[in-house]
Structures are given as C-alpha cells and as structure tokens.
Amino acid sequence: MIKFTETGIMIHGIEKPLYSGSVHYWRMNKEKWSMVLDHICAMGFDIIETYIPWSVHEYEEGKYDFGKIDPNKDLDGFLMLCESKGLSVIVRPGPHINAEMTLFGYPVWILMDEEIQAKNPWGTTVVYPYVTKQFPIPSYASEKLYDKTKAFFMKLKPVLKKHSGEKGCIILIQADNETCNFFRDRPYIMDYSEASIKLYHQFLSIKYKEIGRLNKVYHSTYVNFEGIAAPHGFYGKVKEDLPYYFDWVEYKEYQILNSLKCMISVIDSLELGIPVFHNCAYQDYTPISVQRDEQIERLDVAGMDAYPEPGDTVMLRRRIRYLAGSSRLPFVPEFGSGSWFDREILLTAEEEEFGYLYAIMNGLKAVNFYMLVERDRWTGCPITNDGRIRSSYYEMFCNLLGIMKKNSLHQYQRSPKILILRDYDMGRFRALYSIMDPNLLSSNCFIQGPDIPQELFIPDLDLQLDLDDGPGAYCDDGWVDMVSQILDESHYDYNYSDQYLPVVKWMEYKIIIAATYGFMERDIQEQLYQFSKTKGRILIIGPHVPRWDKEFNRCEILETAIGNGDGNILVVKNADDFEAGRLELGQQFVCENPEIEISVHYSRVTPKVQLLYLANKTSNTETARLSCEKHYRISSIWKGKGYRKDNCFITNIPPYTVQIWKVEMEENKDD
Amino acid sequence: MIDDGIVVEYLKPELWTNLGIVIAPFTRKEHILHILQRWDGSYNGITSNHLRIPLDQFITGNRINIQELFRRHCDIIEVRVYTIQGLVSYYKDIQKSSVYQQDIDDYLIDLYCIQEKTKGIRIYQREEYRNRCYMALLKSFLQCRIEDAVILIWLTDKGRLYFNCILEFSSTKLKRISTSDRYSEVEEEFETIYDLVQKEFQKRIITIKMELAEYIRSGVLYVAEAEKRL
C-alpha cells in the first residue's frame, strides 16, 4: 500500500521523504537511459518523475508506438530499468503535458476537433500562442475530450498496471497538469463552448436547485436555468447585480473541479491503486483552490508549482506558506531546476539552492525538481541529455539531497501561531469586475503580442461597497501584503490560507488575521465570530468590517460583535497601523536585523531538538545577532559559522544564503 | 520561419543565460498608451507600464489630440485607441480556426497587422518608431529568406565567449537551435566550432561574430534603420 503522509510518502510500510526529479525518457536516446539514471541515483534520488505524453505514443490517430518503431518510446523498458535500479516512479500521463511540447502533449486531431475546443465569448477559438506553434485551447467541459483521453489511458493500462503494486516502481499518478485554462485564468476569456454553457447551467441548477431561488437572488424573471446567458464582461450598475457575475466566476472554478473529477474517474479505470495528486500552476486565488481540490474524492494532495526568479523570496514565501496553511502535504510537484529555452535568464546552481532551501525553511515538505535531465527546449540541469554531468548543478544537488536526508529535514516542522486568511471572494470580485477580458497574446520572451493592460477594462462605478480597489492584479491584496510585511519585520511566523480551509484547521492557530471587506458570506462571518469567542484566540480583521452577505442582504455579524464587545476582535482599518509587537506571542529567538528571516522547525521525534533557519534575502552580507532567553547548544548543519558574545549568538550570512543550525535546548539553570 | 517541430538542444547554461541581453536590442522598452472608448463615449487611458493617464485635457468633443499627448508624454511612442466593438471584432478575428495554418512568427506579425486594419482600432505612432512587432525585425535580421543555411552567432565580451548560437534553416524554416555545447568534446573556439558546424550540417554558414558591445550597437542601429525603411 502506498499513501501520502504529513511529511512524505509511505511505500509498502516504509515512510520516506518525497524528494523526486524529472526525466523524459522519450526525449533521450534509449542507450543513455541507464547512465542517466545512475547519475540520478548518485545524486541521492530514489524517486523520479516522468510525463507520458499522448501525442508521443499515439503518433497518428489510432496508431500507437510504445517502442516498437521508436526505441526511445519504450515505456515498459524504461520502467523496468527504473525497477532494476531501485528507483520509484511518479507518472504524469496528462492529457495536459506542456513540457514545452508543441501542442502541450495533445495530439493535433484532438485540439483541432471543434467539439473539443474551448470558445471565446464571440464564438471563435481561444488561441494559446506557444513559441513553436499557436494552438486552440481545449474545453475542460468537453465530454469527448475525456472519452478520447480514456481511450488513450486504456492503451497505457497494461504497462502501468504491470509496474504498479508490491513489486512495481510506480508510486504516484498525477491527475492532469496545471488545470488552469492554460494560464488564461481571467473569467471572460473563455469558455463559451456549447459543452461549457451546458455545464454552467448544471452548476446553477445544483447551486440554486430551483429557478425561483435564483430569480430572488438575481432580481430576475428567468423561466429556467437554460435561459440564462453567460456574461461576457461586467455590465452591472449596482451591487445587487453582482451575484450573477459571481456565479460565472464560481462556475469557472466548478469547471476546473469537475475536470479534475473527470480525470480521476479516468485514472480510476486504470485500477492502479496508488495515490493521486494534482499540481496547481501558481494560483492561490480564483479559479484555483488547493483546499477544494483536496476535497475531491480520491485526490489526495494538491500541490503548487514554483519557478522562482533569482533571489526571489516574495513569491516563494507566499506560495509555500499558503501550501503549509492549506494543503495536506506542502508539495511542489514542479520546482524549477533549469529552465525552458525561451526565458531571458537561467538560474545558477547557487541561486537554485537558495530558492530550494528558502522554500524548505518556509514549510516545503515534498518536492519534485523539474528537471534533472536536460532535453529538447530545456536547459540548466545537473545532467545533460546525452548523459554528461554539469558539475555546478550536479554537486549542488548531491550536497542538497545529502543534507536533506542526513538530517531528516522533513521530520521537523514549523509551528506558526498566526494564520492569515485571504478573502477569496474579494479576488473573485476583482476578477469579475472587468468590462471584457481579451486573451493574452504573449508567451515568454520570444512571443510578445499586442497585449492590453487589464486595468483598462475596470468599470468606473460606485457600488456603495467597501472594496479592495487598490492597484494590481486580482490576486493581490494590499492590506494582507502590508500586514505580512509588518509580521516579517518582527520575525513572526505565519501561514496563509483562505475561507475554504476547514474550520477545524483554524483552531491550530492562536491568532487569525482575516482580510475583510464590505461583504462576506454569512457562514464565514459566523465562523470568524465563533473563533473570536474561543478561549485564548484573537481575531484581527480589516481593512473593513463586512455589512452584507454575498447575496447583498444586510449581514453584520462581526459588526454587531465588535459593537457589543463580544469576542476577541481587533479591527485594523489601516494596515500601516498594525502593531505586531502587541501580539505578545513570544519568540524563542529575537533578531534585530529585519533583513534576516528566521524560522524555527521543531522535531517531531525529539522536542528539545530544533532546526534554526536563517535566510539573508539581500545582496549584501548581513549579520544576525540572536538572543534567546533559554540555554541552548547550537551547531551548524548547513553553511553556518558563528560565535557567542554578550549573551548573543552572532553569525554573518553571505548574500542570498540560507543557514541551517541545529539547536538543542537545555534546562534553564533556574529551573 | 519557425518550424513547429523545431529542436532546441545542447544549450550551454552559462551561455544561454545571456539570451535576454542578446535579444534586448530587438525588443521594445518604450511605452504604449492604450485608450478605451467606452459605450458612453468616455475615454480611459492607461500605459503599458500600468500608469493611468488623465485624458480630459487632450480631448475636444470626441477627438483626442494625439500630437499633444506625444508632446506631453515623451516616453510614449505609440497610442492605441480602441472601441469595445473594435476589440470584439479583433479578438474574434485573430482566433478564428484558419490561424492554425500559419507559422507562429507569421501569426505574431499578423496580430499587429490585423490590429491596424480593424475598424474600431486606431494606431498612432511617433515618426521615429514605426516598427511595432519585434518578431518582424528579428525575422529580417536573421534574413529568413535563407533557404538552407546555418547561422552561427558568436559573441564575445572583452574577448571572452559570452554567447553563441547555431541556427539551422532548412527550406526557409528554422529547424534547430543549439549552442557549441553540441560539440562538448572540443575547445570552445570559434574556428573549431565553425569547422564542426560545417562538417555536420553541410550547408552554407553565415557567421555573426563580434564583440557584445558592437553587437548591441549594430542591433540598435539595425532597428533604427529598419524604422526608417518603414
């Protein structure tokens, strides 16, 4: 039996960390497979990952090749070789592959099938302008797409089944890939195909059950759900018009969730009996939701991919802490190792190492490095496509895997007392509040189309609501960003999530900081209020206090509680006024230098043993002077050199470096 | 020009990381002002670097004084004025099924050409910035009419190899991109690599060999001259 655990994966009774790396068998000469896999093992990996692209194996409609014509497509042979070397394998059969393949792994006859294509609001297709060929984006609502996918999967079944189970190497399977409308996630770009509109009506009928209920919310007189036309843009005038548009945005989420359900059903027909995961591309906002993905039956873990720029910490901190706060297992199924060819810059081995360790420091538990082996349209990996070693990347991975495994980094965990809840509905509002959404006509540095800034389409209305009308993309929340920055400067650790996190998980935190605006669902207001009334808990909200529910009926649960002094609620209207020092949470290590980020990870096995992570996020060497009220022994396990002076522990940290220290707490002399 | 099955392989990371600098002379850094005329006739303007531009002072009746806009905003090189109907027509047109017959580079160039021809979209450019699509420039720079040849780009920075690139054209299509890493067993010297390219591809070789600074200068000059030709 194989299952995910809180820290990795259990394979037939043995728990191990989930550290994996990608290799594309069909893009290598079969004769090189063995040497390449040996290099991978030598770096310390015992799990690899591979896509299984549809267009590669079904080379013409109805004609398949699994190695008889092109030896490099010998999937069975590749998996046998992995087994012989003791490697476990994660498979990702798509149908969405990307992998810088010309049609993202879909066969051409699939994408050119009009019954499968997504449609824009004006009835033509939706173009994805990939650097080697523009192609039409398929519709997630097309039943034909899933039927065709299933037919391909049935061709894979004998091979995948052979290599699953007690003696097989396959341990995990991914349901589709980055299911986010091909990065075109704004609501009015697509999908207006017949199949999608049918699904939209189904969504409405499930949500409202009867048309009268919908009419009451919409202030409309529809006779049936089928009579409702999908919006092409926002043309409301007053806040009461909003529910119709919210429903379209929520339908776009439903379409993706439904697509994942369909894919899991297809995967179930393979009868592999292994866990299923999904990788969200980058969105912690509509139309994606890690928590709701994980509520899908048989979808065990939803991770998120990460391709940081050199020295990036902002994206990584937000994404990894969101996963740490929201997912069953903070997993990055694609963490950039090397890069696609049409990117303006590659990361050095040192820059990559910083990103990986910074992510672990922020709560990353499981990772697949994408890619370990270079291939067509990808470079900057530890191993070249012809089996050579790129020493800087190779040595970095040898050292990294060594330290991760030797010290069981996955067995330590952060213990933040603060949870920041983003307002998912405000993201929805910002998404829907657009006159139209033109498709993006760019993709990476070679393909730069005549795109139009989205802000041009923001309506100029006063909806008489307290909203987040600051600049930026709809995923941004200026209030949350400012509060986070103040917590960072005070070295307070926190996780991110949103209203879809099950309430039982809220209780793991002492403080919830919730972004709240003029409207909020009644249930969520009630849950926040209940949290504020729980002994020892504090609720901090801002920048506004909600007065309406999402159907725009008066709903002032939090307002009333605040007025009555009921519950422990603090309102921070202006995030600049937020005083982290008043939280009185206590900190084990105090560091005056705001440029240094600190994270303490606690051992699951030995409570007195901790790992202290120190990150210098700047381009200058920084000094960390750490004070701690308790007695402790400290020793470096990664890149640390330090000394004690005046009851402080002092260490100089080079630019963009993470140091890891092992701390063993001692009994206080006074105790 | 770009073959949909193009192979991109043997990219040496230490060289390929300079790609952004190498294509920079062909890419546009100046700003574009996007103006949307809404259903009620009002205008809304925002630049490509996301700055809102108040337009009242430039509007008389329903006319926008473009020259005055250019005069007051010297960082703006192009103004695009859209009606919603114009945009609908444009996005419908550029996503019709026939576009999948084109190569991606031709499609990209067409995105700009169709924009200029669409009723409801008006484009105003400064005299000295006539080129709108960098792919068109890049295409002419690479002399895409070459039927069968290899272009070997070899750039040095103060004598030290900075970037190289081997572009294989076959029947006017760009079929393969690689770097000297494809000959990893030999010294990374121009003459050696040139000989190996000649031996492997058996095609005419066109070399672009120069210092980085000279390349950037000539790239900028090339762009400026191309602007004049338009």
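Two residues are in contact if their C-beta atoms, placed from the backbone, lie within 7 Å. By that rule R522(A), Q525(A), E526(A), L528(A), Y529(A) and S532(A) of helix α16(A) meet I557(A), L558(A) and A561(A) of helix α17(A). The model is predicted. Chain A is divided into three domains, domain 1 (2–106 + 136–184 + 243–410), domain 2 (418–583) and domain 3 (590–665). Chain B is divided into domain 1 (2–26 + 138–229) and domain 2 (31–128).

**Contact between chains A and B**

- Chain A puts 40 residues into the contact, and chain B puts in 39 residues.
- On the side of chain A that touches chain B, strands β9 (127–129) and β10 (134–136) of chain A each supply at least two residues.
- The largest share of that side comes from β10(A), with three residues.
- By class, the side of chain A that touches chain B divides into 20 nonpolar, 13 polar and seven charged residues.

**Domains**

- In chain A, the centres of domain 1 and domain 3, taken over C-alpha atoms, are separated by 33 Å.
- Their contact takes nine residues from domain 1 of chain A and nine residues from domain 3 of chain A.
- Helix α11 (residues 349–361) of chain A gives the largest share of the domain 1 side, four residues.
- That side of domain 1 of chain A has five nonpolar, four polar and no charged residues.
- In chain B, 34 Å separate the centres of domain 1 and domain 2, again taken over C-alpha atoms.

**Helix pairs in chain A**

- Helix α16 (residues 522–533) and helix α17 (residues 557–564) of chain A have axes that come within 8 Å and cross at roughly 30°.
- Angles under 35 degrees count as roughly parallel, so α16(A) is roughly parallel to α17(A).
- The contact of α16(A) with α17(A) divides into five nonpolar, two polar and two charged residues.
- Helix α8 (residues 242–268) and helix α13 (residues 424–432) of chain A pack at an angle of about 105°, with their axes 9 Å apart.
- Angles of 65 to 115 degrees count as roughly perpendicular, so α8(A) is roughly perpendicular to α13(A).
- Y245(A), F246(A), W248(A) and V249(A) of α8(A) make the contact with R428(A), A431(A) and L432(A) of α13(A).
- The contact of α8(A) with α13(A) has six nonpolar, no polar and one charged residues.

**A five-strand sheet in chain A**

- Five strands of chain A form an open sheet in the order β18-β25-β26-β31-β28, with antiparallel pairing.
- β18 (412–413) and β28 (632–638) of chain A stand at the edges.
- Each edge strand has a single partner strand, so one side of each is left without a neighbour in the sheet.
- For β28(A), six bridges join it to strand β31 (residues 657–665) of chain A, and the two run antiparallel.
- Y632(A) has M665(A) in β31(A) as its bridge partner.
- In general, strands of a sheet pair through backbone hydrogen bonds, either parallel or antiparallel.

**Backbone geometry in chain A**

- The peptide bond from G94(A) to P95(A) is cis, with omega near 20°.
- P95(A) lies in the loop between β8 (88–92) and α4 (108–111) of chain A.
- G542(A) and P543(A) are also joined by a cis peptide bond, with omega about 5°.
- P543(A) lies in strand β22 (residues 538–543) of chain A.
- E178(A) is not a glycine, yet it has a positive phi of about 45°.
- E178(A) sits in the loop between β11 (170–174) and α6 (194–208) of chain A.
- E178(A) counts as buried because it has 23 C-beta neighbours inside 10 Å, and the cut-off is 20 or more.
- E271(A) has a positive phi too, near 55°, and is a residue other than glycine.
- E271(A) is placed in the loop between α8 and β12 (276–280) of chain A.
- E271(A) is exposed because it has 10 other C-beta atoms within 10 Å, where 12 or fewer is the limit.

**L138 of chain B**

- L138(B) lies in helix α6 (residues 134–141) of chain B.
- L138(B) is partly exposed, with 19 other C-beta atoms within 10 Å.
- L138(B) and Y82(B) are 56 residues apart in sequence and 28 Å apart in space, C-alpha to C-alpha.

Note on methods
Residues numbered from 1 in each chain as written. Chains lettered and ligands numbered in written order. Predicted model: local features only at pLDDT ≥ 70, side-chain atom pairs only at ≥ 80, totals over all residues. Nonpolar A, V, L, I, M, F, W, Y, C, P; charged D, E, K, R; others polar. Domains from an automatic or database assignment. Axes fitted to C-alpha atoms, helices over the stretch in contact; angles between N-to-C directions. Parallel < 35°, antiparallel > 145°, perpendicular 65-115°, else oblique. Pairing = 2+ DSSP bridges.
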